Amino acid sequence: MAASAEGLIPKWYLDDLVKQPRSNTHRSIELKVFNSNETLTVPVLTSTTVQDVKDFVGRKIMVPPHSMDILVKQGCSWRTQFEHEEVGRKVVIKGIKSFTRERQVWPNPIAIIGTGHAGLRQAMYFIKN
């Protein structure tokens, strides 16, 4: 096995990429949120994998990529695509609510502005109750 920046890649895989390079043709894919009408059209290369799309969407909306599943319509049913596969043209993303960033949820959404006498008394009151 040969070492690379992405980790350990088998020699047969590197040899195969030399013999048959990946396609550089451009195309557009349509991403849709599961149980929603929200869609996003993204220009990609033909050789773009599901992992690349998960990383892109995850960085855009601040969600870990492993929490998403990408589904593609195959025949009369839906199939979850594996991360090494080329992404389909029209896919559904399961595991997110929207293509907008999710708001931060704080466990204790109370802030005390100022640490004067009144602020300290308020903090002590919150600690007791």
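This tour goes through a predicted model, from its nonpolar core to its salt bridges and a surface patch.

The model is predicted, so local features need pLDDT of at least 70 and side-chain atom pairs count only at pLDDT 80 or more, while totals for chains, interfaces and linings use all residues. Residues are numbered from 1 along each chain as its sequence is written, and side-chain values use heavy atoms, with hydrogens and water left out.

**Stop 1: the core**

Select Ile-29, Leu-31, Val-53, Val-57, Ile-93, Ile-96 and Phe-99. These have the most contacts inside the largest nonpolar core, which has 18 residues. A nonpolar core here is a set of buried Ala, Val, Leu, Ile, Met, Phe, Trp, Tyr and Cys residues joined through side-chain atoms within 4.5 Å. Buried means under 20% relative accessible area, exposed over 50%, and partly exposed in between (1.4 Å probe, protein chains only).

Now colour strands E3 (26-33), E4 (39-45), E5 (69-74) and E7 (90-94) together with helix H2 (50-61): each supplies at least two residues of this core. H2 gives the most, with four residues. Helices (H or I, at least four residues) and strands (E, at least two) are DSSP runs, numbered from the N terminus.

**Stop 2**

Centre on Ile-93. Leaving aside neighbours within four places in sequence, Ile-93 is in contact (heavy atoms within 4.5 Å) with Leu-31, Lys-32, Val-33, Phe-34, Val-57, Met-68, Asp-69, Ile-70 and Phe-99.

Step to Val-92, in strand E7. Val-92 counts as buried because its relative accessibility is 11%. With neighbours within four places again left aside, its contacts are Lys-32, Val-33, Phe-34, Asp-69, Ile-70, Leu-71 and Trp-78.

**Stop 3: salt bridges**

A salt bridge is a side-chain nitrogen of Lys or Arg within 4 Å of a carboxyl oxygen of Asp or Glu. The count comes to three.

Start with Glu-83 and Lys-54, whose closest N and O atoms are 3.3 Å apart. This pair links distant parts of the chain: Glu-83 is in the loop between strand E6 (77-80) and E7, Lys-54 is in helix H2, and they are 29 residues apart. Lys-54 is buried, at 5% relative accessible area, whereas Glu-83 is partly exposed at 39%.

Next select Glu-85 and Arg-79, which form a salt bridge with closest N and O atoms 3.3 Å apart. Glu-85 is buried at 18%, and Arg-79 is partly exposed at 26%.

Then go to Lys-11 and Asp-15, bridged at 3.0 Å, N to O. Both lie in helix H1 (residues 11-19), four residues apart, about one turn of the helix. Lys-11 is exposed at 53%, and Asp-15 is partly exposed at 30%.

**Stop 4: a surface patch**

Show the surface of Ile-110, Ile-112, Tyr-125 and Phe-126, which make a nonpolar patch of about 390 Å². Patches are made of residues with over 30% relative accessible area and no salt bridge; like charges are joined within 9 Å, nonpolar side chains (Val, Leu, Ile, Met, Phe, Trp, Tyr) within 5 Å. Accessible areas come from the Shrake-Rupley method with a 1.4 Å probe.

Tyr-125 lies in helix H3 (residues 117-128). Its relative accessibility is 48%, so Tyr-125 counts as partly exposed; Phe-126, at 36%, is also partly exposed.
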